[in-house]
Amino acid sequence: MNGKFRFKMIKILLIITVFEAVAFMFIDVKATFALLPVLILLIVYALQLAQGKNRELPLLPNLEGAPRKILWKEVVNALHIGIAIVDENNRVIWRNTVAKGLTEFFQSLNIKEDLKQLLSSQEPKTIKIDDKIYSLGVKQLKKSSKVMQKELSLVYFNDITELEEIKNKLNDERAVVCYVQVDNFTEIIGVCPEENRPELFAKIDKIITQWFQNMNGFVKKLDKDKYIALLQYKELKKAEDTKFDILEQVKKIKVGPAISVTLSIGASYVDKNMLECHKLAQSALELCLGRGGDQAVVKDLGKTYFYGGKTKEVEKYSRVRARVISQALKNLIEESDMVLALGHVFLDMDALGAGVGVFCAAKALGKRCHIILSQEQNPSIESLMKILVKDDILKSAFIKESEALEKITKKTLLVVVDTHRPSLCLSRKILDKSERVVVIDHHRRSEEFIDKAHLVYLEPYASSTSEMVTEILEYIDEVKITPTIPDKSAV
């Protein structure tokens, strides 16, 4: 019954009650007794209505015992997430419908070890069961003396197969930026007769264009020896599987009897934006060229991968470049208040000789210069040190790390010789404190590099750093090197 009907019944009851009272007082007692049974029936009916209203209250919040358990089992079984309850004795005491389909997993599950590892992890673990991928998590159920007598763990599985497929598809379709450069373009142009150059350019363009088109990529020529290309990440993985076979394909183009065309490729893929991808790809190409070319370098935000690079280094020395580097170094020395020469750990003859060359250049230009030595001297250079310390000028040139740190100013020039890797420098503290840095090295460029260098002279072809410093000194007119002649006892 609705509320309006109840209100009408109560209203009728009140009217009859009032009529009974009036009849009793003013009309007739017999009439009062005649209406009394009707009044009693109405009172009883009103009481029944009131009790019926209470019985119609929802029973769900007060469910107890079996009805409540049946209801919750139905709800949990209807979920699309697998749920299982595991006790402290490695027993699965209950599973919902989805979890029952993962029988093989529960049979192989090491409850104590696997659940312990999952409980300590803040993120769910991804596992593969058959052809499905699940996100597996664990919730520790608190022990209660009234409800639970044992420690229980709630294990839940969420089927994320479709989500992973979407993620993999998006990952495969990520954009990859590639920069391509012909390493020895100047050399092959110099060797190739002028009438054959158009044919040579066409061969190079054809190999590069077809290779990227086979990778479903787009390639655009930026300059006579430079290209930019875009392709998808899944195609890049194919190129990595073939070790960038374009490097071998382009070598088949012969210019003269001994010169082959070689390429340098820098590629990058990131999740952030195309600008970041472009910068990393350029950095990868620079790294590739610094290592001598004829290889591909692939970079992301965390790792660097190298492919190719099997060609032996050939001399690419240009006296023009040596002269330019020499002039730039001279200008930096003249603008400095002091010059420091820093080698690598376990100082060897090459690093020491290059340091002496830098010292001579600085002294010739009227600047103070010091060569930094380690506290634990490398025994292999002791014989050379005995010769050098006999020279009065060189004797005062060698200082230790602590002395150098006290002398460094904002105008001090640090020349790092025979290494370009910060981790291999003889003193990382001196490198970090110096604001003006020059790097002179003959090793192939590695991923780790001194990024803050003002001037870099890196030539992998050179036999030694001392050779490179000697070439630089030839173009500084003020430098006059007098050889130090050892006596027999010092040798």
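A: **Enclosed cavities and their linings**

In the second largest cavity there is about 30 Å³ of space. This is a predicted model. The residues lining the second largest cavity are Val182, Phe185, Phe201, Ile204, Asp205, Lys221, Lys224 and Tyr227. Helix α9, residues 197–214, gives the largest share of that lining, with three residues. By class, the lining of the second largest cavity has five nonpolar and three charged residues, and no polar ones.

In total, the structure has two cavities of 30 Å³ or more. The largest cavity holds about 40 Å³ of space. Its lining consists of Ala341, Leu342, Gly343, Leu347, Ala351, Leu352, Gly355, Ile371, Ile372 and Val417. Three elements, β14 (338–342), α14 (349–364) and β15 (368–372), each give two or more residues to this lining. Of these, α14 supplies the largest share, three residues. The lining of the largest cavity has eight nonpolar and two polar residues, and no charged ones.

The structure holds five aromatic pairs. In one of them, the ring centres of Trp211 and Phe212 are 4.9 Å apart and the planes stand at 90 degrees, so the pair is edge-to-face. Both Trp211 and Phe212 are buried. Together with Phe244 and Tyr307, Trp211 and Phe212 form one aromatic cluster.

How values were computed: Residues are numbered from 1 along each chain as its sequence is written. This is a predicted model: local features need pLDDT of at least 70, side-chain atom pairs count only at pLDDT 80 or more; totals for chains, interfaces and linings use all residues. Side-chain values use heavy atoms; hydrogens and water are left out. Rings of Phe, Tyr and Trp (its six-membered ring) pair if their centres lie within 6.5 Å; planes under 30 degrees apart count as stacked, over 60 as edge-to-face and the rest as tilted. Buried means under 20% relative accessible area, exposed over 50%, partly exposed in between (1.4 Å probe, protein chains only). On a 1 Å grid over the protein atoms alone, a cavity is a set of points where a 1.4 Å probe fits but cannot get out, and a pocket is an open set with protein on both sides within 12 Å along at least five of seven lines; lining residues have an atom within 4 Å of a point. Grid points are joined across faces, edges and corners, and a volume is the space filled by probe spheres set on the points. Helices (H or I, at least four residues) and strands (E, at least two) are DSSP runs, numbered from the N terminus. Ala, Val, Leu, Ile, Met, Phe, Trp, Tyr, Cys and Pro count as nonpolar, Asp, Glu, Lys and Arg as charged, and the others, Gly among them, as polar.
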